[in-house]
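Hello,

Here is the structure I promised to hand over. Please open it first, then read my notes below.

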Amino acid sequence: MTNSWTDIKNTDLVIVMGGNAAEAHPCGFKWVTEAKHHRGAKLIVVDPRFTRTASVSDYYAPIRPGTDIAFLMGLIRYMIENDRVQWEYVKAFTNASFLVKEEFGWSDGLFTGYDEEKRDYDKSSWDYQIGPDGYMLTDPTLQHPRCVWNLLKAHVDVYTPEMVERITGTPQDRFLKIAEMIGECSSPTKTMTSMYALGWTQHSKGAQNIRGMAMLQLILGNIGVPGGGMNALRGHSNIQGLTDLGLMSNLIPGYLNIPTEKEPDWATYMKSRAFKPLLPGQTSYWQNYPKFMVSFMKSMWGEAAQKDNDWAYHYLPKLDVPAYDMLRMFELMDQGRVNLYFCQGFNPLLALANRNKNTSALSKLKMLVVMDPLETETARFWENHGAYNDVDTASIQTEVIQLPTSCFAEDEGALVNSGRWLQWHWKASDMPGQAKYDTWIMAQIFLRVRELYRKEGGAFPDPILNLTWDYADEHEPSPDELAREMNGRALADVYDLADKTKLLTAAGRQVKSFAELRDDGTTASGCWIYSGSYNEDGNNMARRDNSDPSGMGVYSNWTWSWPLNRRTLYNRASADLQGQPWDPSRPIIAWNGERWEGNDIPDISPTAKPGEVMPFIMNQEGVSRLFSRGMMRDGPFPTHMEPFESPVQNVFNDRMRGNPVARVFASDVEKMGTSDEFPFVATSYRLTEHFHYWTKHNKVNATLQPEFFVEISEQLAAEKGIERGGRVRVWSKRGEVWAKALVTKRIKPMICDGKTVHVVGIPLHWGFVGAAKKGWGPNSLTPFVGDANIETPEFKAFLVNIEPAVGEAVS
Ligand SMILES: Nc1nc2c(c(=O)[nH]1)N[C@H]1C(S)=C(S)[C@@H](COP(=O)(O)OP(=O)(O)OC[C@H]3O[C@@H](n4cnc5c(=O)[nH]c(N)nc54)[C@H](O)[C@@H]3O)O[C@H]1N2
Ligand SMILES: Nc1nc2c(c(=O)[nH]1)N[C@H]1C(S)=C(S)[C@@H](COP(=O)(O)OP(=O)(O)OC[C@H]3O[C@@H](n4cnc5c(=O)[nH]c(N)nc54)[C@H](O)[C@@H]3O)O[C@H]1N2
Ligand SMILES: [Mo]
């Protein structure tokens, strides 16, 4: 989230599109209710199904799964056409006026630089025109045909309300009503908040869905302001913490990057980071990258990381591919190229796309280790459960080892919520039986591996032998010690950078914040964005003061949020060029003539004069990007792309299947179905009564939602002769499932490009382990293809067929 849960109460308009907050985030959803109560806020829901969120909305529109970009570009076109633009914001705080290279353009739904063979873009034309002074050329009047604003205008021109209806199936009158409601938020005193989750991410162009809404929010002047923002509603209780701490194959904690093969040494690695500002006088915050990176290396390897060995840069693995995401790992497993898979707190047999492929992949391992408090389907993938898990057990040689762990309620530590708040929690109960803390298990493995390296040597023992491991009990690092390590400490006395005689923090003490981190080896910090969470003031994550003097839901002394306890990111943009809040009735920070002050920690230097330093200091140009400048792999503007499996052709290019640069492997393209064989669009989702695959162990949840079902419209049921509550067979190119049919008015057929499109809804909670009845969920059917930028599988739009189950395989 750019903002926080509690900030949602400050909004005038909530749009839930690409999520179902009332059911998947029922506790957080109360802030929508607060906004309705406090400000008379309205709620818009755009979802293929009429959800429980839709049932309390002011306005609802259906949409065909996988077509949100067309809807969003249509909204941007409407705002431009009808002058619903926060002009002052757009001109000052976005790159609207920047000139783009002459070579850049697009046709047939593709941008310049596409290489069909490589399935990739050469992005060199997706950039600004740079003048002789090294800064980009701009036209503040927005007249120049090559300025971002005019290119954007031309790009969205095709997304007329007619085109939006043709692609998305959303009736024009509904689209226009929503556009009108959103358009009101272009006023500086009205804001909209975007709440989204998997309805947007789980597509082969998921990241572009989100960019589409971010661009709309910038045009309305809604980023950085109270009640505004892009608010990703995160999944597991600590999934925000997972990305913060770099548990992605291509990340180092704090959103630093694992080096690639093309960066063999420190100097090369740093060359493409720590960018110089692209505007005179601008702050480009990533110039501090070396401080964060060196502090990380010192935290990992202490004395072994020195300036003259490039801070032990050679210890870091170098990526030979963009990422070892789950799709790639299971593809490699299936190719027989992985021997051991360590599966911690994850049930991929049910959670990942194309279960048949995953069963085959797991069968090729030599060993599978599962660390989990519960029995999972993944740990039992080799067991035959009839049609529910139809495997030939005797042929599977994988050795499976289960290590029982504690679960969150038996453990202490911080969970990071969607609003970036690190909330400390304490254990509620002891763990049963032979269960152990995850940290204890990890420590045993590390200590034993180190022992082996000590005894036997090996190809490259140094990163293991030299790893910092200075916990009081080496067998059990405590949550407290780990949290202190993330915050970081001074290894030598740390002095002020300007006044070299002023001692900031003495050697051995916790650093106050990342402002004290240094690139000369005098500081260590495991995760720079968490610096400040546990300093000499103590454990700030454990704070429980719920006072809110401004009444704006800031709660600055409740736990701690990254960065620097700031609650709203980009909050400098909540004030105009003179530093005064766009909406004086909803101030969060303001310039008082000498410094910034207010209810939140400003996100620029407190003394940076308004008009001199632009608000988006994480971009080297200081402003936000309507044109994304080479960051995205699939285009600097979002463009409509059909899902890989679609009932209609791409209106812009009928040769093109799916996102042209999506993560897809050759063997999986063969496993894609077409609409003549599989005429119906399926989408998958969760239910309030279950949490994925583990609440089915609990009798109460299992009783509330006992049985796997699929949802279809009354029209599709009539067409196929399916009875309410009857059993159906649903199949895709990759597998089949049997389910009970829930025939509902909540799903209705749509007309797209002149064709009737039926949606089949498939909830995901059933398997063959636990107290609930056995079932499948959607992943026996889903395609093995992922987003171009972030590799999330396309779980939300694929093709199936359905029929009444006669002679069904299971009872
Ligand atoms: N009770 C409960 N709560 C949970 C979870 C749980 O299992 N149970 N899981 C947690 C996790 S890990 C996560 S990630 C979050 C997920 O939170 P959400 O993303 O809100 O949950 P989903 O139910 O997967 O999908 C949301 C909605 O997206 C819609 N949708 C599908 N395709 C499209 C599309 O193309 N466009 C649009 N606009 N909408 C579409 C679906 O109909 C569905 O209503 O929930 C978390 N909360
Ligand atoms: N078709 C389709 N597929 C989907 C989705 C979808 O919408 N549609 N959603 C996707 C999403 S967003 C998600 S997040 C995944 C969810 O997929 P998973 O993350 O695999 O689902 P969970 O059942 O939440 O699995 C978490 C496991 O962690 C264990 N656990 C709990 N606490 C601890 C602990 O402290 N330590 C350890 N070691 N284990 C612990 C639980 O017992 C459980 O078995 O599914 C994905 N798959
Ligand atoms: Mo999730």
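Ligand 2 has 29 residues around it, and H236, N347, A351, D372 and N779 come nearest. A residue counts as near a molecule or strand if one of its heavy atoms lies within 4 Å of it. This is a predicted model, where local features need pLDDT of at least 70 and side-chain atom pairs count only at pLDDT 80 or more, while totals for chains, interfaces and linings use all residues. Residues are numbered from 1 along each chain as its sequence is written, chains are lettered from A and ligands numbered from 1 in the order in which they are written, and side-chain values use heavy atoms, with hydrogens and water left out.

An N or O atom in the side chain of D372 is 2.6 Å from an oxygen atom of ligand 2. The side chain of D438 has an N or O atom 2.8 Å from a nitrogen atom of ligand 2. W694 places a polar side-chain atom 3.2 Å from an oxygen atom of the ligand.

Now ligand 1. It is surrounded by 32 residues, and the closest are A24, D47, G66, L198 and H690. L198 has a backbone N or O atom 2.7 Å from an oxygen atom of ligand 1. A backbone N or O atom of T688 lies 3.1 Å from a nitrogen atom of ligand 1. For L687, a polar backbone atom is 3.2 Å from a nitrogen atom of ligand 1.

Next, the helices (DSSP runs of H or I, at least four residues, numbered from the N terminus). Helix α4 covers residues 68–81 and helix α8 residues 172–183. Their axes come within 10 Å and cross at roughly 55°. Axes are lines fitted to C-alpha atoms over the stretch in contact, and angles run from 0 to 180 degrees between N-to-C directions. The two helices are therefore oblique to each other; angles under 35 degrees count as roughly parallel, over 145 as roughly antiparallel, 65 to 115 as roughly perpendicular and the rest as oblique. Contact (heavy atoms within 4.5 Å) involves F71, G74, L75, Y78 and M79 of α4, and residues of α8 including F175, L176 and I178.

α4 also meets helix α6, residues 148–156. These axes come within 9 Å and cross at roughly 120°. That makes α4 oblique to α6. M73, I76, R77 and I80 of α4 make the contact with W149, L152, K153, H155 and V156 of α6.

Best wishes

Technical notes: A polar contact is a pair of N or O atoms within 3.5 Å; within protein, one must be able to donate a hydrogen and the other to accept it, and residues adjacent in sequence count only if both atoms are side-chain atoms.
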